[in-house]
Amino acid sequence: MAKRFLFSISMALLIILGISVLAQNSTPSNFNGQSWWDYVKVLAADEMEGRETGSAGLQKASAYVVEQLKKSGLEPAGSNGFYQPVQFVSRQIDESGSSLVLVGGGKAEHLVLGEDAMFSTRANLAPSVNASLVFVGYGLKVPEKNYDDFAGLDVKGKVVVFLSGSPADIPTALASHYQSTGERARLLRQLGAIGYISIPNPASMDIPWSRMTLARARPSMALADPTLDDTKDIHLAVTFNPADAEKLFAGSGHAFAEIAALGKDRGPLPHFPLALSLQAKAKVITKNVESSNIVAKLPGSDAKLKDEYVVLSAHLDHLGIGEPINGDKIYNGAMDNASGSAMLLDLAAAMHASNVKPKRSILFLFVIAEEKGLLGSKYFAAHPTVPKSSIIADLNTDMFLPIIPLKVLTVQGLSESDLGDDAREVATQLGVAVQPDPEPLRNSFVRSDQYSFIRQGIPALSMSVGAVKGSPEAAKQKQWLTERYHAPSDDINQPVDLAAAGKYEDVMAALAVKVADAAEVPQWKSDSFFRRFLPQASGVH
Ligand SMILES: [Zn+2]
């Protein structure tokens with residue numbers, strides 16, 4: 001009896017010990033989505049004024065984020081407490097002092113700004129440009145595939161005109177990379193072109209022209225540090241309405257209809273000089289702006305590995321207050337990307353509550369100016385607040401869209417690094433399938449903050465609630481993009497699937513802990529295109 005009693009006490013002790021050990025190492029799971037949505041409701045509330053970089057609204061949202069991070073017991077890891085201040089130059093077009101005129105055949109056609117075309121202040125617009133035009137197909141040069149839209153063309157001192165997109169025989173990772181603003185700017189600078197006119201591919205436009213143009217008077221931003229500003233040598237950037245693009249091709253012997261038909265299926269495009277030249281006048285109002293990234297640390301538990309970092313990132317900024325649509329002028333950005341920021345806050349709180357202590361440290365990074373061209377993350381990745389070589393991975397979340405049940409997870413970068421295998425493993429364990437990007441032509445992998453880390457050689461991925469191509473769920477996501485993406489109706493009065501959000505958090509929490517606890521740091525796959533950005537890698541880029 002006594003012996004048995006002792007035995008059961010020791011068994012009970014073992015069980016209790018076992019449970020507490022389990023509790024320490026287990027990942028927070030079974031998120032219900034509700035706590036996440038409660039954070040979204042705060043971050044996407046009208047008082048936050050759409051969180052534009054540099055705005056009082058974003059400052060307010062930032063203060064809230066920092067307060068929550070403190071509650072979750074995280075340590076400040078910025079350059080100024082939790083903050084990492086970043087300097088920007090903002091550029092805003094004054095259309096009343098700007099004009100675009102097509103000249104040729106003894107005629108001058110004044111374009112209607114906003115209707116025919118619009119300036120992009122992403123570039124460093126010159127007050128006046130007078131140049132001839134050359135159509136350069138997709139405007140890409142991809143040495144790996146021996147592909148060159150500029151072969152045999154002289155574009156020096158000229159403005160190039162291209163259709164956005166890429167030919168079908170270029171793998172999508174390469175195509176996305178070379179379509180990024182930085183790569184395009186670098187190529188045009190090399191070739192001596194003054195600037196570009198881009199024509200959105202009508203077959204792959206996320207949002208209709210009428211809505212694209214609403215934002216044209218909003219300020220753009222560039223990093224104040226000139227060494228980080230890719231676009232400083234691009235003196236003209238214009239986006240042309242595909243519905244009016246025939247105007248550009250008049251007298252060239254080609255029609256835009258022909259180009260668009262070829263571009264629809266990513267067919268090869270011709271290259272030729274256009275018959276017209278362009279006279280552009282741009283009046284730009286510039287301002288200095290300061291705004292801050294937020295960096296918080298969950299210290300690792302392993303004496304040695306705690307000096308290595310897994311970054312969990314999400315952009316906190318959105319578009320601010322803009323042109324009203326249906327009487328609403330606050331671009332709340334609930335999905336884009338209060339949803340990702342809220343997910344980080346919820347994860348931090350859950351890790352705190354369950355006392356999870358991964359071996360490596362985890363950095364919770366809230367970046368700004370994503371909507372201005374990934375600038376906050378670019379700054380952080382170039383000037384991280386921990387040693388750059390100690391960052392082993394970035395897991396980014398941007399607009400993960402839990403508006404349909406989570407059955408399949410879309411993983412950007414699935415086959416590029418070991419992180420993809422890790423994501424597949426944890427998702428599968430949680431009953432969720434994974435797929436690579438089903439819409440590679442949207443260039444999503446280079447369109448959010450993970451790309452800033454990739455450019456520094458750091459393995460990264462980004463995940464979102466996926467839909468199988470052609471399914472009703474995919475149609476629902478497409479409809480969301482058309483109606484709510486970058487519109488005031490991306491607010492807290494839209495249907496969400498809380499269970500999907502909770503499941504996504506389960507996966508992200510498990511993945512973060514897995515990577516932070518792993519014996520080995522993740523590596524780029526030997527055949528990954530993005531491997532080239534490793535600091536020791538040589539070759540073209
Ligand atoms: Zn966005």
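So, to start: what covers the buried residues of α13?

What we have here is a predicted model, where local features need pLDDT of at least 70, side-chain atom pairs count only at pLDDT 80 or more, and totals for chains, interfaces and linings use all residues. Residues are numbered from 1 along each chain as its sequence is written, and side-chain values use heavy atoms, with hydrogens and water left out.

Okay, back to α13. Helices here are DSSP runs of H or I with at least four residues, strands are runs of E with at least two, and both are numbered from the N terminus. The covering of α13's buried residues includes α6 (209–212), α9 and β22 (460–466), with contact meaning heavy atoms within 4.5 Å. Buried, by the way, is under 20% relative accessible area, exposed is over 50%, and partly exposed is in between, using a 1.4 Å probe and protein chains only.

Which residues of α13 are buried? Ala474, Gln477, Trp480 and Leu481 are. Looking down the axis of α13, those buried residues fall within an arc of 115°, so they line one face of the helix. That arc is taken from the directions from the helix axis to the C-beta atoms. And the general rule is that an α-helix has 3.6 residues a turn, so residues three or four places apart point the same way.

As for length, α13 has twelve residues and reaches 16 Å from first C-alpha to last, close to the 16 Å expected at 1.5 Å a residue. The expected span is 1.5 Å times one less than the number of residues. Proline 472 is also in α13, and at 65% relative accessibility proline 472 counts as exposed. Proline 472 sits 9.9 Å from isoleucine 404, C-alpha to C-alpha, although they are 68 residues apart in sequence.

Glutamate 371 is in the loop between β18 (361–367) and α10 (375–382), and histidine 486 is in the loop between α13 (472–483) and α14 (498–517), so the pair, 115 residues apart, links distant parts of the chain. Glutamate 371 and histidine 486 are both buried.

A cis peptide bond joins aspartate 336 and asparagine 337, with omega about 0°. Asparagine 337 is found in helix α9. Helix α9 covers residues 334–353 and is mostly covered, with 17 of its 20 residues buried. After α9 comes asparagine 355, with a positive phi near 55°.

There are other positive phi values in residues other than glycine. Arginine 266 has phi near 60°, in the loop between α8 (256–264) and β13 (272–281). Leucine 401 has phi near 50°, in the loop between β19 (391–396) and β20 (408–412). At 8% relative accessibility, leucine 401 counts as buried.

Last bit, the cores. A nonpolar core is a set of buried Ala, Val, Leu, Ile, Met, Phe, Trp, Tyr and Cys residues joined through side-chain atoms within 4.5 Å. How many residues does the largest one have? It has 88, and Phe364, Leu409 and Met463 have the most contacts inside it. α14 gives the most to this core, with twelve residues. Apart from it lies another core, of 80 residues, among them Leu125, Phe135, Val159 and Phe445. Leaving out residues up to four places away in sequence, methionine 463 touches partners including Phe400, Leu409, Tyr504 and Leu511.

That's my tour.
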